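Me: Walk me through this one, please. I want to learn how to read the model, feature by feature.

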Amino acid sequence: RQHIQGDSRAELLLQYKLTIPKHRDSMKEITGHQLDWTVEEVAPTGFWLLHNEDIRLFLPHSNVQVSLKEGDSVKAIATHDEDNNPVADAMLPETPIDSSMVLLAKDATARGAYFNWGMSRDLYVPKKWQESPVYPGMKYVVHTFVDETSGRITGATKLHRFYPETS
């Protein structure tokens, strides 16, 4: 096993490439789920976590609010960082995946909107998943799910796909 020697992003990305590929299918299965992890290794920029002895993810310092050491247990959610690398996040969401909740819109762009939902990264709702335009500062019912195409945690204000119509 290779260890991170410094605090460089290049070394961290090398570690991702050495660790994650054999678990791509497992990552699809666990993305968005809150799981129990064990701190396997402390690195300069975060922690390497192990789940069920076979899935290993990196937990950056920015994604955890408590101090951890090797052997500690931590609840975290499997997700992706801004570069689409698989990571863990111990700042748990206010709503579990595949459920709906009223959330506050933080920002809106031409491509989509961002909602505060308790994790280190805001929940992204692409335009194609918006029922109507989203305005920052307003509250919306948002459904969270893992997008089948991208494999990322995504939100939707267009709810008809998730709830059957009844008469």
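Me: What is the mean pLDDT of the protein chain?

Reply: pLDDT is the predictor's confidence in each residue, from 0 to 100. Here the chain averages 86, and 84% of its residues reach 70 or more. Residues 1-7 fall below 50, with 19 contacts (heavy atoms within 4.5 Å) beyond near neighbours in sequence. This is a predicted model: local features need pLDDT of at least 70, side-chain atom pairs count only at 80 or more, and totals for chains, interfaces and linings use all residues. Residues are numbered from 1 along each chain as its sequence is written, and side-chain values use heavy atoms, without hydrogens and water.

Me: Which strand order does the open sheet have?

Reply: Strands are DSSP runs of E, at least two residues, numbered from the N terminus. Two of them pair if DSSP finds at least two bridges between them. In this sheet, five strands follow the order 8-7-6-9-10, with antiparallel pairing. Strand 8 (123-126) and strand 10 (153-156) each have a single partner strand, so one side of each lacks a neighbour in the sheet.

Me: How many bridges join strand 7 to strand 8?

Reply: Four, with strand 7 spanning residues 112-116. Ala113 stands opposite Val125 there.

Me: Which residues have the most contacts inside the largest nonpolar core?

Reply: A nonpolar core is a set of buried (under 20% relative accessible area, 1.4 Å probe, protein chains only) Ala, Val, Leu, Ile, Met, Phe, Trp, Tyr and Cys residues joined through side-chain atoms within 4.5 Å. Here they are Phe115, Trp117, Leu123 and Val142, in a core of 18 residues. Strand 9 gives the largest share, three residues.

Definitions and conventions: Buried means under 20% relative accessible area, exposed over 50%, partly exposed in between (1.4 Å probe, protein chains only).
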